[in-house]
Amino acid sequence: MILVTGANGQLGRRIVQHLIAREPSLLDGGLGVSVRDAARANELASRGVIVRQADFDQPDSLAAAFAGIRRLVLVSTDGPAAQRSARHRRAIDAALAAGVSHILYTSFLGADCPTELAVAHRDTEAALEHSGVAHTVLRNTLYADDLRYLAEPALTHGVLRLPAGAGRVSLVSRDELAQAIAAATLAPRLDKRVYELTGQAAFPYADIAARIARVSGRPLAYEAVSADAYAGSLVARGVPAWHADAQAGLFASVAAGRLAPVSHDFAALVGHPPKSLDCLIHEYFAPRSPA
Ligand SMILES: NC(=O)c1ccc[n+]([C@@H]2O[C@H](COP(=O)([O-])OP(=O)(O)OC[C@H]3O[C@@H](n4cnc5c(N)ncnc54)[C@H](OP(=O)(O)O)[C@@H]3O)[C@@H](O)[C@H]2O)c1
């Protein structure tokens with residue numbers, strides 16, 4: 001049986017949906033999820049997905065959740081780095097104890113970057129290596145979906161301010177990343193230990209802003225700001241300080257070119273490349289015609 005953790009989250013739920021779409025027979029007892037709140041997974045249970053309750057902060061909940069699992073899709077959790085690293089280690093230990101034969105972990109393209117958001121991914125990749133369990137690391141690039149969260153408020157005053165310098169990013173939608181992770185989960189054979197799931201090309205935010213302006217019909221210019229100024233602006237909007245610093249550190253990694261790599265691993269797993277940046281921007285920012 002395959003089990004996907006974090007299936008009430010946005011990525012985890014989409015991985016489950018893509019697994020079912022690729023292999024509907026999984027609904028005959030071959031697909032499980034672990035979630036913290038089982039009631040929120042009722043819709044999955046009604047379709048035939050086996051729902052187990054597990055919280056990585058409660059190690060006692062993990063043995064039963066992982067019993068009888070062959071392939072485990074370990075979806076990275078959110079929160080401060082130390083907390084996430086400890087949770088993922090507990091999950092790996094429990095998976096080993098339960099006899100899981102293969103773990104697929106949703107890591108980050110910038111796992112080697114000197115930023116808070118990379119630490120848990122680096123730690124988890126190292127824990128997997130150290131555990132000796134067969135595993136596959138799926139290094140996700142930045143979610144293209146977050147352009148909406150970044151650009152929507154910026155469109156009101158026409159300036160997208162980020163501490164990303166002239167660094168390039170290769171973006172993929174969360175849903176397509178889930179599609180690639182599902183494909184990897186079902187692959188009879190995986191050729192690589194680490195897959196880098198990136199867009200087809202990398203672009204600087206100045207270019208991305210210009211494309212959003214063109215598609216939305218609203219002015220939008222990019223302005224590079226310092227990491228400190230950016231973190232301060234997030235804190236002023238109510239973002240917790242650790243998260244503001246982590247976000248600023250993430251864009252500093254973009255500025256340093258650490259999120260620019262482009263790989264063909266997505267197409268190797270899925271069978272075709274992910275959507276182009278223009279296609280994604282059109283989906284997110286094209287004006288909707290009135291119904
Ligand atoms: N590449 C990127 O651009 C990017 C951006 C943001 C985040 N991420 C990473 O990708 C992950 C998945 O993204 P997402 O969009 O699905 O985020 P999300 O919707 O916020 O989901 C977070 C997931 O973490 C799980 N979780 C949190 N604490 C847990 C615990 N103690 N035990 C077990 N599970 C726990 C949640 O479990 P439940 O299902 O039980 O609620 C939820 O499924 C994030 O957690 C983060 O590590 C990547």
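Which domains does the domain assignment of the protein chain give? The assignment gives domain 1 (2-140) and domain 2 (143-171 + 199-260 + 276-291). The model is predicted. The largest pocket lies between the two domains, because both give residues to its lining.

**How the domains meet**

- The C-alpha centres of domain 1 and domain 2 lie 29 Å apart.
- Contact between them involves twelve residues of domain 1 and ten residues of domain 2.
- The size of an interface is often given as the accessible area lost when the parts come together.
- Here, domain 1 and domain 2 bury about 930 Å² between them. Carbon and sulfur atoms account for 73% of that area.
- The count of salt bridges between domain 1 and domain 2 is zero.

**The largest pocket**

- This pocket holds about 1,300 Å³ of space. It is lined by 44 residues.
- Closest to its centre are Ser-76, Thr-77, Asp-78, Arg-84 and Tyr-143.
- Five helices, α1 (10-22), α4 (81-98), α5 (116-131), α6 (146-157) and α10 (241-255), each supply at least two lining residues.
- Helix α10 gives the largest share of the lining, with five residues.
- By type, the lining divides into 18 nonpolar, 17 polar and nine charged residues.

**The second largest pocket**

- The volume of the second largest pocket is about 270 Å³. Its lining is made of 15 residues.
- His-157, Arg-161, Tyr-230, Ser-233 and Arg-237 are the closest of these to the pocket's centre.
- Helix α6, strand β7 (159-162) and helix α9 (227-236) each supply at least two residues of this lining.
- The largest share, five residues, comes from α6.

**Salt bridges**

- Side chains of opposite charge can pair when their charged atoms come close.
- The whole structure has 14 salt bridges. One of them joins Glu-43 and Arg-13, whose closest N and O atoms are 3.7 Å apart.
- Glu-43 lies in helix α2 (residues 42-47) and Arg-13 in helix α1, so the pair ties together parts that are 30 residues apart in sequence.

Notes
Residues numbered from 1 in each chain as written. Predicted model: local features only at pLDDT ≥ 70, side-chain atom pairs only at ≥ 80, totals over all residues. Heavy atoms only, no water. 1 Å grid on protein atoms, 1.4 Å probe; cavity = no way out; pocket = protein on both sides within 12 Å on 5 of 7 lines; lining within 4 Å. Points joined across faces, edges and corners; volume = space filled by probe spheres on them. Helix = DSSP H or I, 4+ residues; strand = E, 2+ residues; numbered from the N terminus. Nonpolar A, V, L, I, M, F, W, Y, C, P; charged D, E, K, R; others polar. Domains from an automatic or database assignment. Contact = heavy atoms within 4.5 Å. Buried area = accessible area lost by both parts, 1.4 Å probe. Salt bridge = Lys/Arg side-chain N within 4 Å of Asp/Glu carboxyl O.
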